[in-house]
Amino acid sequence: MADNDTMSKLISLCKRRGFVFQSSEIYGGLKSAYDYGPLGAELKRNIMGEWWKSMVHEREDIVGIDASIIMKKDVWQASGHLAGFSDPLVDCLVCKERFRADKAPSVEIGTDCDIVFADKGRAKVAMESFEKQGITGLSRSKKTISGAKAERNYVCPNCGSPFLSAEKNFNLMFKTSIGPVDNKNDMVEMFLNNKDCSKEELLQKIYDIENKSAVYLRPETAQAMFVQFNNVMQSMSMKLPFGIAQQGKSFRNEITVEHFIFRSCEFEQMEMEFFCYPEQSAEMLDYWKDQRLNWYIERLGVKQENLRLRKHDEDELAHYSDNCYDVEYLYPWGWDELEGIASRTDYDLKKHEKHSGQKLRYFDPERENPETGKKGVHLTPYVIEPAAGATRATLMVLLDAFDEEEGVDGKEGRTVLRFAPRIAPIKVAILPLVKKDGMPEKAREIVKQFVAKGINCKYDEQHAIGRRYRRHDEIGTPFCLTVDTQTMEDNTVTIRYRDDMRQERIAIDKVVKVIEDKLV
RNA sequence: GCGGGUAUUGCUUAGUGGUAAAGCUCUAGCCUUCCAAGCUAGCGACGAGAGUUCGAUUCUCUCUACCCGCUCCA
């Protein structure tokens with residue numbers, strides 16, 4: 001499904017049926033924050049549960065952790081996030097473009113620049129504005145204004161203008177402070193004692209006060225796995241190669257948020273750091289990229305043709321990475337990222353080793369130490385990181401499952417969410433055909449059997465049977481069990497399948513087993 | 001952050017300078033024995049704030065949120 005309406009239909013369905021709501025909606029909504037409703041919460045949990053099962057429970061070589069969201073400033077200094085997140089941004093005073101100073105076209109200071117406008121009308125207006133401001137030496141030819149002198153070693157990438165705002169730092173990490181004492185008093189005190197300071201000096205002093213208690217919400221879950229490397233390895237006696245996995249919320253002050261829950265400031269990640277011998281890293285990257293792609297197809301039931309692997313170009317690689325693949329999905333707006341599988345080399349462990357002064361190494365008693373020629377060597381493992389977005393995966397699963405069927409023979413069409421049964425929010429609906437003749441009681445007995453097995457089921461007697469089927473189609477319930485007159489006689493029920501609306505009769509004492517088998 | 005668009009009940013839409021209509025949904029009841037049936041009754045909305053006005057959901061401004069396209073995405 002990739003037509004333009006799909007997103008709006010899905011967003012509407014998500015709200016109507018309790019998958020996703022706008023955050024703080026009754027107060028007008030909060031930008032890019034979403035709440036998961038009863039069914040959305042189930043769906044997301046199921047997806048994350050599948051990930052945990054296949055990454056942690058089914059593997060001897062990977063263990064899971066659950067680290068705190070608030071982490072010390074030092075962690076982000078070491079990881080490069082505090083520096084990397086504060087890219088100097090500049091606004092163009094002519095065309096209002098905002099851009100990164102370090103990525104703008106470079107020029108020599110003092111050269112004449114051509115400012116190019118979309119049309120000569122705009123150029124004329126701008127020319128008049130320059131003249132009003134008393135800027136001289138400019139000349140206009142059609143839609144280009146020439147003669148402006150570059151004052152810095154770069155110009156606006158959009159229009160070529162050298163008229164630019166000051167460089168401003170934008171830190172994409174959420175900053176907060178720890179401790180109950182508000183530091184505003186310290187700041188006022190500081191202002192009163194430093195009335196003669198320049199703006200820059202005051203700013204620096206504010207930062208100093210702020211930094212005393214500053215902590216950051218993690219912008220990724222990965223760093224905890226590096227920081228706790230020694231503790232995990234030692235407590236669990238891990239042998240190389242091994243992995244540490246984690247799921248949880250991360251936070252980024254994104255400049256732009258878009259596409260519903262695709263990119264939001266608060267999001268949920270499923271990350272795993274796989275530590276290996278340096279010479280294994282290429283092989284492991286290869287292994288994990290295929291492993292992860294197949295997970296979506298085999299475990300989440302996503303259509304193969306909607307998924308692909310894309311290798312990053314050299315210039316696309318992050319500073320810590322020497323090779324990277326993205327698992328991409330064909331969203332309604334085109335191919336876009338779902339998960340990144342990056343080769344992070346020994347960058348992170350080395351960085352934290354340097355900043356913390358603590359050794360973050362693996363001791364291999366079998367390997368020969370090249371310096372001494374004896375057995376036993378300390379080494380810094382290389383890392384392969386499959387980093388998936390749980391929030392993104394939830395959106396992807398919803399899109400992939402979304403289907404609208406035309407009605408045949410004059411009957412109404414239906415909307416179906418074709419989730420893989422194992423991740424469906426409700427696994428089975430138990431429906432009495434009518435609300436009498438002992439059918440509700442019989443149905444509730446069946447409910448008890450499923451509850452006892454921990455299978456999420458729902459009893460539903462509201463409205464006509466056909467409507468109930470359609471409602472469960474729309475929320476992706478794969479199986480409906482219907483109690484009817486015959487049930488009261490021979491203890492069999494109808495099982496009705498979501499995908500093809502087929503019906504079969506099965507004995508009540510077999511239903512739990514039958515459904516269980518279909519959920520594996 | 002820029003440009004364009006949108007905002008009326010849970011959903012989809014109508015409409016008006018004198019506070020609003022419909023369908024679906026939902027709730028209660030009746031009736032119903034397998035794919036959104038029917039009947040009766042009921043709940044329920046003009047995103048927020050300011051201005052103009054006797055009176056604003058409607059006009060103006062600001063804000064907020066969402067959508068589309070750029071930009072950004074360590």
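Modeller: Ser161 is buried, at a relative accessible area of 0%, where buried means under 20%, exposed over 50% and partly exposed in between, with a 1.4 Å probe and protein chains only. This is a predicted model, in which local features need pLDDT of at least 70 and side-chain atom pairs count only at pLDDT 80 or more, while totals for chains, interfaces and linings use all residues. Residues are numbered from 1 along each chain as its sequence is written, and side-chain values use heavy atoms, with hydrogens and water left out.

Colleague: Where does Ser161 lie, and which residues does Ser161 touch?

Modeller: Ser161 sits in the loop that runs between strand S9 (144-149) and strand S10 (168-171), strands being DSSP runs of E of at least two residues and helices runs of H or I of at least four, numbered from the N terminus. Leaving out residues up to four places away in sequence, Ser161 touches Cys92, Val94, Ile115, Val155 and Cys156, with contact taken as heavy atoms within 4.5 Å.

Colleague: Changing topic, how many aromatic pairs are there?

Modeller: The count comes to 17 aromatic pairs, where rings of Phe, Tyr and Trp (its six-membered ring) pair if their centres lie within 6.5 Å, and planes under 30 degrees apart count as stacked, over 60 as edge-to-face and the rest as tilted. One of them is Tyr329 with Tyr331, an edge-to-face pair at 5.1 Å centre to centre with 80 degrees between the planes.

Colleague: Is Tyr329 buried or exposed, and what about Tyr331?

Modeller: Tyr329 is buried at 2% relative accessibility, and Tyr331 is buried at 1%. Phe479 and Tyr497 also form an edge-to-face pair, at 6.0 Å centre to centre and 85 degrees between the planes. Phe479 belongs to strand S25 (residues 479-483) and Tyr497 to strand S26 (residues 492-497), so this pair ties together parts that are 18 residues apart in sequence. Phe479 is buried at 5% relative accessibility, and Tyr497 is buried at 8%.

Colleague: Which residue lies over the face of Phe262?

Modeller: Arg392 does, at 4.0 Å from the ring centre, and Lys44 lies over the face of Tyr36 at 4.8 Å; the rule asks for NZ of Lys or CZ of Arg within 6 Å of the ring centre and within 35 degrees of the ring normal.

Colleague: Which residues of helix H14 are buried, and what follows H14?

Modeller: In H14 (residues 465-474) the buried residues are Ile465, Arg468, Tyr469, His472, Asp473 and Glu474. After H14 comes Gly476, whose phi is positive, near 80 degrees.

Definitions and conventions
Chains lettered and ligands numbered in written order.
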